[in-house]
Amino acid sequence: MNYLIFWPLCMPKLTICNWKMNGSIQLIDSFISIAAHLPNDTACWNLVIAMPDIFLAYAASKEPRFRLAAQDCSTYSGFGAHTGEISADMLVDIGIRYVILGHSERRSHGDGAEAELIHVKLANATRCGLIAILCVSDDYESQITKQTESLLQVYHDKIILAYEPVSAIGTGCLPSAADIRETAVRLQQRYKIPRVIYGGSVTSTNALDILRVDEISGVLVGGASLKIDEVSAILRIQELM
Ligand code: PGA
């Protein structure tokens, strides 16, 4: 039995909210009310919210059951004289468990050096024990360097690949479920990584079609993740899987 194929079937699916440069204390407080309406703690644990760093410590102190993510981390590790940087070690220090890396809004397109920097961030994050959500687009072959490929193999249980076609981000134009499945299978087979999630224009309207793809372990939700009704609806769909 190929565990790469069967792993996603037995793991709960994840909804990862990417708030980008949005959010406020008020929004965090209103999201905390979601916890009260979720069917059980497990549903709560399968929700990850990636918010701007300045809100993370507040959110962690208000609702310990929520899993929180940073939207990036520094290429520097540990602590030191690097003004404005936030290291993976510092995220771990305040109880953060996930970090998004290589989001297309942070990549300078087509720049090979960028892939090297993301590799360093991924190495820092995995060394610290963070779960890294590594975003790749259709251009994944140039985004995943040989070095990164080795990291994927060593830390396959600590890295989630987020397949996010650039053309689908914020546009409402997403690939068909069959196309999403095909890419997920290719990524799993090529990189021996069990967890592949999909991101790009996910809403409560299309979440069922995406989440019922066996090879997809969850969704990365941008715009819709700022609306509590949308997130609650996606979580209810996720519970059916
Ligand atoms: P979107 O963003 O859901 O608004 O398309 C997804 C993302 O950028 O992660």
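Trainee: How far does a polar side-chain atom of Lys20 lie from an oxygen atom of the ligand?

Mentor: A polar contact is a pair of N or O atoms within 3.5 Å. In this predicted model, a polar side-chain atom of Lys20 lies 2.6 Å from a ligand oxygen atom. A backbone N or O atom of Gly170 also lies 2.6 Å from an oxygen atom of the ligand, and a polar backbone atom of Gly222 is 2.9 Å from one.

Trainee: How much of the ligand does the protein bury?

Mentor: Accessible areas come from the Shrake-Rupley method with a 1.4 Å probe. Taken alone, the ligand exposes 280 Å², of which the protein buries 95%.

Trainee: Which residues touch the most other members of the largest nonpolar core?

Mentor: In soluble globular proteins, nonpolar side chains tend to be buried together. A nonpolar core is a set of buried Ala, Val, Leu, Ile, Met, Phe, Trp, Tyr and Cys residues joined through side-chain atoms within 4.5 Å; buried means under 20% relative accessible area (1.4 Å probe, protein chains only). Here the largest core has 58 residues, and Ile49, Met51, Val99 and Leu161 touch the most other members. Its largest share, five residues, comes from helix α2 (residues 25–37); helices are DSSP runs of H or I, at least four residues, numbered from the N terminus. Apart from this core lies another, of 14 residues, including Leu14 and Tyr98.

Trainee: What are the conventions for numbering and for confidence?

Mentor: Residues are numbered from 1 along each chain as its sequence is written. Local features need pLDDT of at least 70, side-chain atom pairs count only at pLDDT 80 or more, totals for chains, interfaces and linings use all residues, and side-chain values use heavy atoms, with hydrogens and water left out.

Notes:
Buried < 20%, exposed > 50% of the residue type's maximum accessible area, 1.4 Å probe, protein only. Helix = DSSP H or I, 4+ residues; strand = E, 2+ residues; numbered from the N terminus. Polar contact = N/O pair within 3.5 Å; in protein donor to acceptor, adjacent residues only side chain to side chain.
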